[in-house]
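Thanks for coming. I have one structure to show today, and I will keep to a few places in it.

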Amino acid sequence: PDQSGTPTEGWNRLGTCEWAVDENGQLTIRPLANGKYGVLDIPKDDLKIRSPIVENANCDVDAINSVKIMPGVHSGKSLERLFSGLKKVEEMDLAELDTSNCEDMHYMFFCCSSLKSIDLGAFDTSNVQNMAGMFYGCKSLTSIDLPNIRNLSVTNTAYMFSGCSSLTSINLANFDS
């Protein structure tokens, strides 16, 4: 499929990926036009802290209760604030998200206050420099399993887990100090 084209009808474009929310409240992100490869290109704007999905939504953002990443979705240099402000989302399946090119994950899940479950098992963070506020305000999250997290390049983890008042377990087995 033409990766420079328009999104599938009823879907919204973000980089060379597209996203939509179904009738059950699931936000799905997949390569553009249901292709095999897509890159999430998050626009930089220091004035905004909300997700580009929230900023450009033509749907009821409060109806989104889960997130699913489909195979073939890759991050660009930044995933900054990708899901921030999705306050009703309870679970995220990000196992298919290729993060090997990502350098910036700050505020990625900022104020996802209902988030209870998240699959980050496949996250490659070897190039990430900024994780500041990554889970800030995720007050319903009880455990985080990041067995593959590497902090080889990380220079900022300020407030990474701030406001995670229900957090009782964090697996950062490979996070060097």
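I start with Y159, which is exposed, with a relative accessible area of 60%. Before going on, note that this is a predicted model. Y159 sits in the loop between β9, residues 143–145, and β10, residues 169–171. Its backbone is worth a look: phi of Y159 is near 55°, a positive value in a residue that is not glycine.

There is another case of this kind. R81 also has a positive phi, about 55°, and R81 is not a glycine either. You will find R81 in the loop between β6, residues 73–75, and β7, residues 91–93. Is R81 buried or exposed? Its relative accessibility is 4%, and since the cut-off for buried is under 20%, R81 counts as buried. Y159, by contrast, is exposed at 60%.

β1 covers residues 12–14 and pairs with β2 in the antiparallel sense, over three bridges. Within that pairing, N12 stands opposite W19 of β2. The two strands make a hairpin with two residues between them, and there G15 takes a positive phi near 65°.

On to the next pairing. β2 and β3 are antiparallel as well, joined by five bridges. They too form a hairpin, this one with four residues between the strands. In its turn, G25 has a positive phi of about 85°.

How enclosed is β2, which spans residues 17–21? Four of its five residues are buried, so β2 is largely enclosed by the rest of the structure.

At 14% relative accessibility, R30 counts as buried, because the limit is under 20%.

What does R30 touch, leaving out residues up to four places away in sequence? The list is T8, W11, C17, E18, M70 and V73. With T8 there is also a polar contact, side chain to side chain, at 3.4 Å.

Note on methods
Residues are numbered from 1 along each chain as its sequence is written. This is a predicted model: local features need pLDDT of at least 70, side-chain atom pairs count only at pLDDT 80 or more; totals for chains, interfaces and linings use all residues. Side-chain values use heavy atoms; hydrogens and water are left out. Buried means under 20% relative accessible area, exposed over 50%, partly exposed in between (1.4 Å probe, protein chains only). A polar contact is a pair of N or O atoms within 3.5 Å; within protein, one must be able to donate a hydrogen and the other to accept it, and residues adjacent in sequence count only if both atoms are side-chain atoms. Contact means heavy atoms within 4.5 Å. Two strands pair if DSSP finds at least two bridges between them.
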